[in-house]
Amino acid sequence: KKIQEYRDKNTEFARLGKNVERISLWRKAKMEFPNDLSVLYGLMYALQAESREKNADEIIEYGERIMEESVDNVLRSGAIQSLCYTYYKIGDIETAKKYAKMAPIYHITVNQLMPHLLQGDEAVEYCQTNIQTLMDIIIGNVNVLINKGNYSPEEAIEARGFAIDCFRLLYPDG
């Protein structure tokens with residue numbers, strides 16, 4: 001119950017962009033629950049929201065501890081993501097790739113498996129959430145293409161137009 005209170009306060013701080021307060025909150029939680037890996041996870045994400053470069057050593061320490069000790073797929077997936085991006089940010093591309101290769105592939109995830117197992121509104125809601133998540137992935141990939149693909153301004157406009165067209169298909173009513 002107490003850890004859930006920390007999570008709720010973290011969500012409030014995150015919505016307000018109060019990353020310093022998030023870090024302080026999770027440091028307090030860590031003092032109270034030093035061996036709870038979900039607390040380390042919260043602290044890891046608060047630290048990276050403030051600055052991956054500045055907090056890299058601590059982010060890596062918590063991420064690697066989660067990878068060593070946790071069997072929780074959510075914590076492990078988050079640690080993989082955090083470690084991948086943090087190592088990339090500090091210039092250790094090979095270690096970043098090592099962690100990226102630990103992530104599951106698109107087709108074998110809870111998001112892809114659950115809709116097949118659910119019925120009715122529950123299945124529909126799961127699929128709707130998946131489609132929105134896929135749209136976020138499309139936007140992210142379009143941005144990477146533009147930023148890393150040496151796109152001309154015209155090509156960048158065309159790529160962003162593609163993403164907008166995808167959203168129009170998903171949300172025809174605007």
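In the predicted model, the buried residues of helix α2 are covered by elements that include helix α1 and helix α3, the latter spanning residues 37-50. The residues of α2 that are buried are Arg22, Ile23, Leu25, Trp26 and Ala29, and, seen down the axis of α2, they fall within an arc of 160°, so they line one face of the helix. An α-helix has 3.6 residues a turn, so residues three or four places apart point the same way. On the other side of α2, by contrast, Val20, Lys28 and Met31 are exposed. Helix α2 itself has 14 residues and reaches 20 Å from its first C-alpha to its last, which is close to the 20 Å expected at 1.5 Å a residue.

The count of aromatic pairs in the model comes to four. One of them joins tyrosine 6 and tryptophan 26, whose ring centres are 6.3 Å apart and whose planes lie at 35°, an arrangement classed as tilted. This pair links distant parts of the chain, with tyrosine 6 in helix α1 (residues 2-15) and tryptophan 26 in helix α2 (residues 19-32), 20 residues apart. Tyrosine 6 counts as buried because its relative accessibility is 4%, under the cut-off of 20%, and tryptophan 26 is likewise buried, with a relative accessible area of 2%.

A further pair is formed by tyrosine 87 and tyrosine 99, whose ring centres are 5.9 Å apart and whose planes meet at 5°, so the pair is stacked. Here too distant parts of the chain are linked, since tyrosine 87 belongs to helix α5 (residues 73-89) and tyrosine 99 to helix α6 (residues 93-100), 12 residues apart. Tyrosine 87 counts as buried at 10% relative accessibility, and tyrosine 99 counts as buried at 5%.

Key
Residues numbered from 1 in each chain as written. Predicted model: local features only at pLDDT ≥ 70, side-chain atom pairs only at ≥ 80, totals over all residues. Heavy atoms only, no water. Phe/Tyr/Trp six-rings, centres within 6.5 Å; stacked < 30°, edge-to-face > 60°. Helix = DSSP H or I, 4+ residues; strand = E, 2+ residues; numbered from the N terminus. Buried < 20%, exposed > 50% of the residue type's maximum accessible area, 1.4 Å probe, protein only. Expected span 1.5 Å × (residues − 1). Arc of directions from axis to C-beta. Contact = heavy atoms within 4.5 Å.
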